[in-house]
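Here is a short report on one protein chain. Look at the model first, then read on.

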Amino acid sequence: MEFKKVVVLGGGVLGVQIALMNAYTGHDTTIWLRSESSIGRAEPRIAHFKEEMLKSLEESKALIKNPMGGYLYPRGLVKVWEGTTEEDINKLIKDAKINFEKNLHLELDINKALKDADIVIESMTEDPAAKIELYEKIRDILDDKTILVTNSSTLLPSQFKDHTGRPEKYMALHFANIIWKNNTAECMGHDKTSKEVYDAVVRYASEMNMIPIKLHKEQPAYVLNSLLVPLLYSAQTLWAKEVADPETIDLTWRLATGAPAGPFQIIDVVGLDTVYSIQNMKPSSKDPNSIDYKILNMIKEKIDKGEKGVAAGKGFYDYSK
């Protein structure tokens, strides 16, 4: 199967990055959005991540003679680093601008968006009811050939397979934030996913310059978030208990591990809306006496002030300057 037309359902932080990465690698890519106001929110996000991807390419020139260049280059943007020259990167920048303009489209009409799609990537909020509603809306619109995948970071595909109308052509394909640098694609099927479809999605992930991470069975939070979510939760717990402020918690993590970012910096990149949705699914978050309830409401206070993370210009840190 060839993957010529890609459709991303949702224009959030990851949805936009997934779409841009597809456009960059030459796939005809459409982002489906619910309303004109959704377009208004998505367009500055698209502009921001375009700029960041081009900036990463420009900055990679300085890594060419750096011994650490092979570790630090943007892996999703430069497919083969060894032997790459400044002229090669200039061509990548030129081609990226052309591909972003030529291959990326926004669409409000769900029928037009899905027509003749080879793969559809659902990248909506972590709300099971909303996902089910969307799947049942599109199940009879999708072409027979279309593979449907979810980018859900915490929910299992088996929860939704019966709502898709195509369980054998449905699975999870989870991407990491800053997709052009952290170019993993976690491939996770369920008991009804066909081997042919699973193998095709693994191949597609490679086509868009990702490294396929092949899971052998369903696992809540996959590999990446099984490691990451406990870290972010521990940081939020320290904050909610007033043990230390976010800046101190981040500094501690960076100094002690050599990591480039602390947990609250990661939360800003992920987006506080996503973190709130994950926290809100915990039954303990409904108990006013629990620390989870306190975390949920502290995150909500920031969201209500518009402090939703990097894409909003402010989260735990100010990105407006």
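## The model

This is a predicted model, where local features need pLDDT of at least 70 and side-chain atom pairs count only at pLDDT 80 or more, while totals for chains, interfaces and linings use all residues. Residues are numbered from 1 along each chain as its sequence is written, and side-chain values use heavy atoms, without hydrogens and water.

## Two domains

The chain splits into domain 1 (5-215) and domain 2 (226-310). These bounds come from an automatic or database domain assignment. The C-alpha centres of the two domains lie 26 Å apart.

Ten residues of domain 1 are in contact with six residues of domain 2 (contact means heavy atoms within 4.5 Å). Together the domains bury about 590 Å², with 69% of it on carbon and sulfur atoms. Buried area is the accessible area (1.4 Å probe) that two parts lose on being put together, summed over both. Glu126, Thr154 and Asn177 supply 53% of the area that domain 1 buries against domain 2.

## Helix H8

Helix H8 spans residues 195-207 and has 13 residues. Helices are DSSP runs of H or I, at least four residues, numbered from the N terminus. From first C-alpha to last, H8 reaches 18 Å, close to the 18 Å expected. The expected span is 1.5 Å times one less than the number of residues.

The buried residues of H8 include Val197, Tyr198, Val201 and Ala205 (buried means under 20% relative accessible area, 1.4 Å probe, protein chains only). After H8 comes Asn209, with a positive phi near 65°.

Methods:
Helices (H or I, at least four residues) and strands (E, at least two) are DSSP runs, numbered from the N terminus. Buried means under 20% relative accessible area, exposed over 50%, partly exposed in between (1.4 Å probe, protein chains only).
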